[in-house]
Amino acid sequence: MSFKDHADNPFASLSPAVWRASTVVFDSFEDFAARKKRQPDGYSYGVTGTPTARGLERRIADLEHARHCVLTPSGQAALMAVVMGFVRAGDHLLVSDSAYGGLKAFASYWLAELGIDVEYYPPTVDGEIEALIKPNTKMICIEAPGTITMEMQDVDAIVAVAKRHGVLTMMDNTWASPLYFRALEHGVDFAVEAATKLFGGHSDLLMGSISMNDFNHYEILRETQSVLGLAASPEDCFLVMRGLDTFPLRMHEQSRNTLKIARWLERHPLVTDVLFPALESHPGHRVWKEQFEGSGCLFSFILKSAPEEAFSKFFNALEHFPIGASWGGTHSLVAYYPASQQKARKFALTDQPIIRISIGLEDPDVLIADLENALRHYQSFTEA
Ligand SMILES: *Cc1c(COP(=O)(O)O)cnc(C)c1O
C-alpha cells in the first residue's frame, strides 16, 4: 500500500487509520442478503476484519511473497485455524515433535479426541517422512527450527514428499520470519507467524498471521476465522504495523548481537551445548545455511549437569534478562524448560534442562557480562 494511495486514507496521515467495527452497514436489503459474497476480501462483519486488518494482511503478505493473508488474535490461534480449516475426523496429521507446545497440546488433547489420527514425527526426519505417509495423511506441521530445542528441519525435503502425496504443509515460520525464510517460495502451503514476537516486536500484544497463495485455501481460512470467532483487534493491527516499520532493522541488529552472544556461550566451560543452527557446531547448520538467509534472536543452551537449585541461582542472578515466556521483543528474555519436559517427548533431544534466551536491543557486551556473572553463581553452587 503506497502512502500516495489515499482511497482509505482521506486525511493523508502517514499512520494507518484504526477502523473499529462489529457492525458493518449495508446499502440495501439485497446487499445485506448477499453479504457472505463479500468474503474473503470484503467487509461484512467485524470478526473477519476492518480496513485496518486488511492493511496489515497486505503488508504481511508482501513480506511473505504471498497472495493472501488472514490474521488471527494470536500465533496459537493461527496454528489452530489452519488445522481446523483443513483436517477432519479420520484424517492423519503429522506434527513435528519439536513443534510449539500449544500446537502439540491442541493436537493431543483436542484433535486426537475429535477422531484425528495425530502422529508426532522426529523433527530431523527430513525426506524419510515419506515412510510415515498414509493414504489418509492430510497435513504435515513443520517448525524449523523447533523454538525450544532448535532441531533444524529440511523443509525442502519434507515439502517434496508432501507434494508427491498430495499432502498439505503448514510451517510455523516465527523463528526466521519471512526476512530470513520465505516458506511459500519453498513450496509450503501455509506460512504461520506469531506476530506477537518479531512483527509486533515490543512484547505488548498478541497476533498471528497465516499467509498462502491458493485462493480456495484463503476462502476456507477466512470462513474458518469467521466461524471460530478469531477476530484480531484493530488497535493491535495498528501496533503490529508500527512494529513492522522497524522490523528489518531490529531483526538485523538483534541477529548480529545474538550470534555474538551465542559464540561467547559456546566457548564457556560450563556450557555443554548451544542449540542454534547458525553455529557451525549445530547438527542442523548445513540445512540452515542452504535454505535460510539469517538466524534471528532466539536460541537455547544446555549447562553442565547440576541440581535445580543451581538453575535457580543462575536465573535469579541475571539482571538484564527478565524471566518470562515469549520472545522477539526489544528486551532480552530468559526462559527455563525443565528436564522432565524434555524427557517426556517422544523423540527427545536431551534429558537435561534447557535455557532459552531471546536477545533484544541492549548492548551485547552488557548481556555477556550479565551471563558471565550468572554462570559464576551456577558454578559456585555446583562446587559447594
Ligand atoms: C509464541 C509462539 C507461538 C504462539 O504465539 P502466541 O501469539 O503467543 O499465541 C507459536 N509458535 C511459535 C514458534 C512461538 O514462538
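## Cis peptide bonds

In this predicted model, P145 is placed in the loop that runs between β4 (137–143) and α5 (155–164). The peptide bond that joins A144 to P145 is cis, with an omega of about -15°. A cis peptide bond also leads from Q39 to P40, where omega is near 5°, and P40 is found in the loop between α1 (29–33) and α2 (51–64).

H65, although not a glycine, has a positive phi of about 55°, and its place is in the loop between α2 and β1 (68–72).

## A buried histidine

H282 belongs to the loop between β8 (271–275) and α9 (285–291). Its relative accessible area is 8%, and H282 is therefore buried, given that the cut-off for this class is under 20%. Along the chain H282 and K163 are 119 residues apart, and their C-alpha atoms are separated by 28 Å.

## Helix α8

Helix α8 spans residues 234–267, a run of 34 residues, and reaches 46 Å from its first C-alpha to its last, which is close to the 50 Å expected at 1.5 Å a residue. At the start of α8, the backbone nitrogen of E235 has a side-chain oxygen of S233 within 3.2 Å.

## Ligand surroundings

The ligand is surrounded by 14 residues, of which G75, D172, T196, K197 and W327 are the closest. Helix α3 (residues 75–86) contributes the largest share of this shell, with 3 residues, and by class the shell holds 5 nonpolar, 6 polar and 3 charged residues.

A backbone N or O atom of G75 is 2.7 Å from an oxygen atom of the ligand, whereas a polar side-chain atom of D172 lies 2.6 Å from a ligand nitrogen atom. In the side chain of K197, an N or O atom is 2.6 Å from an oxygen atom of the ligand. Taken alone, the ligand exposes 380 Å², and the protein buries 92% of that area.

Note on methods. Residues are numbered from 1 along each chain as its sequence is written. This is a predicted model: local features need pLDDT of at least 70, side-chain atom pairs count only at pLDDT 80 or more; totals for chains, interfaces and linings use all residues. Side-chain values use heavy atoms; hydrogens and water are left out. Helices (H or I, at least four residues) and strands (E, at least two) are DSSP runs, numbered from the N terminus. The expected span of a helix is 1.5 Å times one less than its number of residues. A polar contact is a pair of N or O atoms within 3.5 Å; within protein, one must be able to donate a hydrogen and the other to accept it, and residues adjacent in sequence count only if both atoms are side-chain atoms. A residue is near a molecule or strand if one of its heavy atoms lies within 4 Å of it. Accessible areas come from the Shrake-Rupley method with a 1.4 Å probe; for residues, only the protein chains shown count as cover. Ala, Val, Leu, Ile, Met, Phe, Trp, Tyr, Cys and Pro count as nonpolar, Asp, Glu, Lys and Arg as charged, and the others, Gly among them, as polar. Buried means under 20% relative accessible area, exposed over 50%, partly exposed in between (1.4 Å probe, protein chains only).
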